[in-house]
Amino acid sequence: MNKYLNRILPKRFRNNDITIPVVRLQGAIMVGGSAFRPALNIQSVGPLLQKAFDFKSAPIIAISINSPGGSPVQSRAIFSRIRELAREKNKKVVVFVEDVAASGGYLIALAGDEIIADPTSIVGSIGVISGGFGFPEMLKKIGIERRVYTAGENKSVLDPFLPEKTSDIDHLKSLQSDVHAVFIDMVKQRRAGRLIEDETVFSGLFWSGEQGLKLGLIDGLGDLYATLKSRYGDKVKLELVNTPKGFFSRFVRGTSGPSGMGADLAASMADSLVGVVEERALWARYVL
């Protein structure tokens, strides 16, 4: 019902339903992504957040998170955008955890004024991880010689086809420590007065929702619909926020029509295959 018409109608005829916008953040946090492999990043999430915060009459903004983490830069960008909009629109943000809000997923969850998780959800993993493979011994066995030419003695740092160097590992660990320190500061700031002082909290371990509540990583246990219904009544309406897309953009990234569609489709599918492996590794850490 038109909000202006609603004001002049007698109370018994007014529409008193409460509508709460819900932004669902699902998947690994990384740059890029495609129609075949959606990814969480500021480019994909930004329009959804703007649309949700434009609900002027909504008492809160609800954000549902299900993410094993990923890029720390994109995680912080999404976190920052949520907090900017919350201040600009003067809205409270309530975050609901689905299966996982770990690592970068938990960093985004920190944007909530309140974090609610299922007792069996996984939260935490406040740490930084880098992974890869090394192939120098395999190259020797099959008779391949790796040749690398650089201008700058450190341009081949952590090359997977060359033997590891202690100096390379030390440099990587120093970078990880910097990122970890930023993450820790964010947790301490956002969870101030609620976080339990425990040396394991920042060790990279992850916990169930039950344990996370005891540690002060979250504020309560429950699910999105039941929690909001208990707070705002049976007439509360949850509106999932989506960004409408054109016909071809639903299938192929970076194309606005049939021209060049085959090449874009093939590139998108190839990119997706690599991304699926990366994302699967992130989820597998949490036995999911």
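Residues are numbered from 1 along each chain as its sequence is written, and side-chain values use heavy atoms, with hydrogens and water left out. Because the model is predicted, local features need pLDDT of at least 70 and side-chain atom pairs count only at pLDDT 80 or more, whereas totals for chains, interfaces and linings use all residues.

Ser 103 lies in the loop between β3 (92–102) and α4 (104–109), where helices (H or I, at least four residues) and strands (E, at least two) are DSSP runs numbered from the N terminus. With a relative accessible area of 15%, Ser 103 is buried, a term that means under 20% relative accessible area, with a 1.4 Å probe and protein chains only. Leaving aside residues up to four places away in sequence, Ser 103 touches Pro 68, Gly 69, Gly 124, Ser 125, Gly 127, Phe 183 and Tyr 286, contact meaning heavy atoms within 4.5 Å.

One of these partners, Ser 125, also has a positive phi of about 55° without being a glycine. Ser 125 is found in the loop between β5 (122–124) and α5 (136–141), and at 3% relative accessibility it counts as buried.

In soluble globular proteins, nonpolar side chains tend to be buried together. Here the largest nonpolar core has 45 residues, of which Leu 25, Ile 63, Ile 82, Tyr 106 and Leu 217 touch the most other members; such a core is a set of buried Ala, Val, Leu, Ile, Met, Phe, Trp, Tyr and Cys residues joined through side-chain atoms within 4.5 Å. Among the elements that give two or more residues to this core are β1 (19–26), β2 (60–67), α3 (72–89) and α6 (166–190). Apart from it lies another core, of 10 residues, including Ile 20 and Val 22.

Two packed helices are described by the angle between their axes and the distance between the axes. The axes of α3 and α6 come within 12 Å and cross at roughly 25°, the axes being lines fitted to C-alpha atoms over the stretch in contact, with angles from 0 to 180 degrees between N-to-C directions. That makes α3 roughly parallel to α6, since angles under 35 degrees count as roughly parallel. The contact is made by Pro 72, Arg 76, Phe 79 and Arg 83 of α3 and Val 179, Val 182, Met 186 and Arg 190 of α6.

Definitions and conventions
Buried < 20%, exposed > 50% of the residue type's maximum accessible area, 1.4 Å probe, protein only. Parallel < 35°, antiparallel > 145°, perpendicular 65-115°, else oblique.
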